[in-house]
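User: Could you walk me through the nonpolar core and one of the sheets here, and tell me what the terms mean as we go?
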Amino acid sequence: RIPGVVYGGGEAPTPISLDKKQLTQLIFAGHFLTTIFELDIDGKKERAIPRDYQLDVVKDFPLHVDFLRLKPGSRLRVNVPVHFINQEASPGLKRGGTLNIVYHAVEMWVPADNIPEAITADLGGLEFNDSLHISAIALPEGCKPTQSGNFTIASITPPSKAEEAPAAPAAAAPAAAAPAAKK
């Protein structure tokens with residue numbers, strides 16, 4: 001069994017224990033920290049979301065889990081992953097540009113009853129040096145970024161000059177230098 005604690009919601013912290021095998025599967029399956037669980041604590045059902053967990057540094061198995069109690073109508077802060085679509089519809093990427101991702105996930109205030117799995121960023125139509133800002137992304141209802149302003153999620157950078165140089169002269173240079181080193 002793995003120890004844990006359920007806190008928040010105006011109640012005293014409650015210690016719990018969880019099945020090691022099942023907890024390990026849930027953590028490594030992904031989306032653990034954004035999944036709402038219904039815990040049975042002494043016969044009483046409590047809705048909670050994991051806020052943190054500790055893993056053994058050598059064997060990578062769970063040591064402890066913290067859960068936050070969720071009351072109806074509550075809001076919480078979570079990191080929501082950003083999924084990028086329409087890479088093939090981006091002229092900048094088609095011509096050899098690089099997608100520079102500034103945020104892989106955005107920290108947001110979300111309703112506890114409606115935590116989004118991800119937000120979708122559309123890259124269609126982006127050229128070299130174009131940026132995709134948070135204002136261009138349709139956010140789920142009731143969700144708001146914790147960071148203020150219209151921050152950049154990703155940008156398209158043009159290919160560097162080094163990438164445009166032909167590969168053959170660069171390969172020939174080391175071969176020409178090798179005989180000179182033998183003298």
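Analyst: A nonpolar core is a set of buried Ala, Val, Leu, Ile, Met, Phe, Trp, Tyr and Cys residues joined through side-chain atoms within 4.5 Å, where buried means under 20% relative accessible area with a 1.4 Å probe, protein chains only. This is a predicted model, in which local features need pLDDT of at least 70 and side-chain atom pairs count only at 80 or more, while totals for chains, interfaces and linings use all residues. Residues are numbered from 1 along each chain, and side-chain values use heavy atoms, without hydrogens and water.
User: Which residues of the largest nonpolar core touch the most other members?
Analyst: They are Leu76, Ile119 and Ile153, in a core of 26 residues. Strands S6 (75–85), S8 (105–111), S9 (119–122) and S12 (152–157) each give two or more residues to this core, and S6 gives the largest share, with 5; strands are DSSP runs of E, at least two residues long, numbered from the N terminus.
User: What else is there apart from that core?
Analyst: Another core, of 13 residues, lies apart from it and includes Ile2, Ile16, Ile27 and Val65.
User: Now the sheet: in what order do the 3 strands come?
Analyst: The order in this open sheet is S7-S12-S10, with antiparallel pairing, where two strands pair if DSSP finds at least two bridges between them. S7 (98–101) and S10 (131–133) are the edge strands, each pairing on one side only.
User: How many bridges join S10 and S12?
Analyst: These two strands pair over 3 bridges, and Leu132 has Ala154 in S12 as its bridge partner.

Notes. Buried means under 20% relative accessible area, exposed over 50%, partly exposed in between (1.4 Å probe, protein chains only). Helices (H or I, at least four residues) and strands (E, at least two) are DSSP runs, numbered from the N terminus.
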